[in-house]
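The sequence and the model come first, and the description follows.

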Amino acid sequence: MTAPLPERLNTDHGHRFDASRRWDASLELGFIHSGGATRLKRCHHHGPLRVQRPFYPEGEVCHVYLLHPPGGLVSGDRLAISAHVAEGAQALLTTPAAAKLYRADSHGVAWQQHTRLDVEDGGLLEWLPQETIAFDGSKGRQSVEIALSGNARCLGWEAMALGRPASRLPFESGRIEQHFRLVRDGRPLWIERQPLDPHHPRFHGRWGQGGHAVQATLWAVGLPDMKLAVETLREHIAPSTRWAVTVRLDVLLLRYLGDELNEARALCHEAWALLRPLLAGREACPPRIWFT
Amino acid sequence: MNTDLGLLGLLQLVSPALPIGAFAWSQGLESAFELGWVHDEASLGAWLAGVLDDGLARLELPVLARQHAAWQAQDGALLYQWNAWLLANRETRELVEEDVQLGTALVRLLKGLDMLPAHGLMAQPAYVTMFAYTAQARGVAARQAMLGFGWAWLENQLAVACKALPLGQSAAQRLIEQLRPRLVAAIDDAERWEDNDLGPALPGLALASAWHETQYSRLFRS
């Protein structure tokens, strides 16, 4: 006797075009330290999210490219990425291209993307995805949750362009919420909720988004000398009113608010190159895929 | 509790003469002057209205109401949780420092008045948490405590503007007239928001506050 398919599979999928449209994809990665190197011990995927085989361009650190063949999110997509870095393991995750957030369908169904990063004591995780481009009318929720134990280290960023400024296609409708939550040993250290709604006064007001189309946030935790890290960034990166850095509750936050995606990307790359020797004791080793 | 005594207790708590040093902090406003984002009465009114609607109404005021209830219930776990949540939402070093230093100064003052809470005091009390305690201990209802907190914020921001912009005293009074109804509306909002609606970050304020750390000439500590 054949068991009936779960009802979800019959009713919720990406080929229907109503409010129940839904397409799930998930990826779970687990890294361990073993035999002097970091190994990708667990890799479980569901739907269109994959990884290529790990690279070791600098020996010890495991570099992994996350692939999402559709290349963007449409209404109803639900992406869940989780990475667990065990004690002493060191992993660097990136993506081969910018992610696109497409205009919501006629039912205004939202997409969701959730990233969960767990790092154990002595582990290091670098979360360096390429930028996200939100097309006008896109609706969804992007969240990044970072849970650290003991002396775990983590550096990551999220850069987002609203609309396509280069093509003069501004973000005039839609609504995106970006969430960050970072906890160490259960204590919340950094919580941020960023509703991006072009019809809200906050979107244009100086206290809020200031009408800017590009924003980026870089975080770093576990730096042995936070003061030195901030001084290094302020000394070496050209000053501008479009970026600033601060350290609060042992979390370094560098923020960009401007209109040039290239500028935001270059800022993140430069800050990473300056911080990596302080955080990981090694020079930055930019993934080759960034240059292809 | 005697309401007359409660009202006086609230006035005492929100008075600029309260010796906790609130006058020394600008919450990024001094930096907004330096950047030219806020340069006159009109732009100051827009900045304050924005920070009131997106900042206070979504962060300090709703947390104040939650802490007021938690002190009343003597729920130490809840007090700790909202205190940590509030600090984690502070975008910059100076904004965290302002909250913790004012909170600590208020604890010191309460100690001198023999008014310290018997239970529930945490290591890094935020100003909001201790404001809620003081109001609750003096029999001030949550809504009145929120009105008082918002009022003290508005008066302090205008004092910053009078010193640093500079803004004239009459202009400051005009802005109060204009923003008083918005303060009431912000408290109506704050009472309505669910936990998930709280805490939108203010990117412009966050940048201004982080730049303030390196601002060459400054009168204020934030």
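A:C62 is buried, with a relative accessible area of 0%; buried means under 20% relative accessible area, exposed over 50%, and partly exposed in between, with a 1.4 Å probe and protein chains only. The closest cysteine sulfur to that of A:C62 belongs to A:C43 and is 10 Å away, too far for a bond. A:C268 is also counted as buried, at 2% relative accessibility. For A:C268 the closest cysteine sulfur is in A:C154, at 14 Å, which is again too far for a bond. Over all chains the structure holds 0 disulfides, a disulfide being a pair of cysteine sulfur atoms within 2.5 Å. In general, a disulfide is a covalent bond between the sulfur atoms of two cysteines.

This is a predicted model, in which local features need pLDDT of at least 70 and side-chain atom pairs count only at pLDDT 80 or more, while totals for chains, interfaces and linings use all residues. Residues are numbered from 1 along each chain as its sequence is written, chains are lettered from A and ligands numbered from 1 in the order in which they are written, and side-chain values use heavy atoms, with hydrogens and water left out.

**Chain B**

Chain B has 10 helices and 0 strands; helices (H or I, at least four residues) and strands (E, at least two) are DSSP runs, numbered from the N terminus. The radius of gyration of chain B is 17 Å, close to the 17 Å that the globule rule gives for 222 residues, so chain B is as compact as a globular protein of that length. This radius is taken over C-alpha atoms, and the globule rule is 2.2 Å times the number of residues to the power 0.38. The C-alpha trace of chain B spans about 45 × 35 × 35 Å along its principal axes. Among its 222 residues, 58% count as buried.

B:P166 sits in the loop between α8 and α9 of chain B. The peptide bond joining B:L165 and B:P166 is cis, with omega about -10°. Elsewhere in chain B, the loop between α1 (3-14) and α2 (29-34) holds B:Q27, which has a positive phi of about 55° although it is not a glycine. In general, most residues other than glycine have a negative phi, and most peptide bonds are trans.

**The sheet of chain A**

Chain A contains an open sheet of 7 strands in the order β2-β1-β6-β9-β12-β14-β15, with mixed pairing; two strands pair if DSSP finds at least two bridges between them. Its edge strands are β2 (37-46) and β15 (187-196), and each pairs on one side only. Strand β14 (residues 175-184) of chain A runs antiparallel to β15(A), and 9 bridges join them. A:P188 in β15(A) is the bridge partner of A:V183.

A:L249 lies in the loop between β17 (243-248) and β18 (251-258) of chain A. Its phi is near 50°, a positive value in a residue other than glycine. A:L249 counts as buried, at 16% relative accessibility.

**Nonpolar cores**

The largest nonpolar core has 128 residues, and A:W219, B:L44 and B:W47 have the most contacts inside it. Helix α8 (residues 142-164) of chain B gives the largest share of this core, 10 residues. A second, separate core of 42 residues includes A:Y65, A:W243, A:W272 and A:I289. A nonpolar core is a set of buried Ala, Val, Leu, Ile, Met, Phe, Trp, Tyr and Cys residues joined through side-chain atoms within 4.5 Å. In soluble globular proteins, nonpolar side chains tend to be buried together.

**Salt bridges**

There are 29 salt bridges over all chains, each being a side-chain nitrogen of Lys or Arg within 4 Å of a carboxyl oxygen of Asp or Glu. The table gives some of them.

| Salt bridge | N to O distance |
|---|---|
| A:E177 and A:R175 | 2.9 Å |
| B:R182 and B:D53 | 2.5 Å |
| B:R192 and B:D189 | 3.0 Å |

B:R182 is partly exposed at 35%, as is B:D53 at 26%. B:R192 and B:D189 are 3 residues apart in helix α9 of chain B, about one helical turn. B:R192 is exposed at 51%, and B:D189 is partly exposed at 21%. A network of salt bridges links A:E58, A:E60, A:E126, A:R276 and A:R282.
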